[in-house]
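Work through the exercises below with the sequence and the model in view. Each task is followed by its solution.

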Amino acid sequence: MFDPPKMLFTGGSGLLGGEIKQLLPDSFYPPTSEFDVTDFVQMQKFIEDKDIALIVHAAAFISPPLIDKNPQKAIEVNIIGTSNIVRLCMQHNIRLIYISTDYVFDSDKGNYKEDDPVFPVNKYAWSKLGGECAVRLYDNSLIIRTSFGPNRFPFEKAFADQWTSRESVSSIASKIVAVLDKEVSGILHVGGPRRTVLDYARSLNNNEEIQPLYRNEVNFKVPVDTSMDCRLYKSITEEQKEEEL
């Protein structure tokens, strides 16, 4: 049953949370000061007088460079914090949807399916995979692996030799909302077609002249191809469309 007043979203102040809030304004989007994923007791108190049926957990420490400098915070927020969310859902029989990343894959081949082996490309992705491990211990859950960026590409250059399934945050938010009422468990890939980051960037900015950038021109590791096979998502949402006709 699709009932936004019974839904709670963590990470409401983030890029994805802000976009979903525009689509589902009647749901709960508590600030960290009231619903800190590292404070289990505080989260218990927040929901005790509310009828929450679904938690979408999007809050995370997401900066790979900062995580390299401070991996302890990534452990506290992305692994322990997610584990706290899982415990909360278990105790109150709340459905859980966890937002994860395409960076859990080694990026060697691309077009990854939900059951392909994982091997994260950096410490950020390892911490998100740690969160996935906790979520997999709870049967009433769904892990959504995805990739998104601002609705307008914010840089003058983009990689011409990196492939992705990334889409604008508005597109990904709409796709996530479309499966909130689906009885799907396990893992689901949500994204767009495989393309270079340069093609993705130009599609957002009406093909204005964004210059190509290449991986060998930067001094940090760039994954080659984390594109995902999203056919399972398409089959689920197309079934819904057929039922509505």
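The model is predicted, so local features need pLDDT of at least 70 and side-chain atom pairs count only at pLDDT 80 or more, while totals for chains, interfaces and linings use all residues. Residues are numbered from 1 along each chain as its sequence is written, and side-chain values use heavy atoms, with hydrogens and water left out.

**Exercise 1.** Classify D181 and K182 as buried, partly exposed or exposed, and state how their side chains meet.

Solution.
- Buried means under 20% relative accessible area, exposed over 50%, and partly exposed in between (1.4 Å probe, protein chains only).
- D181 has a relative accessible area of 32%, so D181 is partly exposed.
- K182 has 16%, so K182 is buried.
- Their side chains form a salt bridge of 3.1 Å, N to O; the term requires a side-chain nitrogen of Lys or Arg within 4 Å of a carboxyl oxygen of Asp or Glu.

**Exercise 2.** Find the salt bridge between R202 and E209 and classify both residues.

Solution.
- The N to O distance between the two side chains is 3.4 Å.
- R202, at 22% relative accessibility, is partly exposed.
- E209, at 57%, is exposed.

**Exercise 3.** Is S227 buried or exposed, and which residues does S227 touch?

Solution.
- The relative accessible area of S227 is 1%, so S227 is buried.
- Counting contact as heavy atoms within 4.5 Å, and leaving out residues up to four places away in sequence, S227 touches G110, N111, Y112, W163, T164, S165 and R194.
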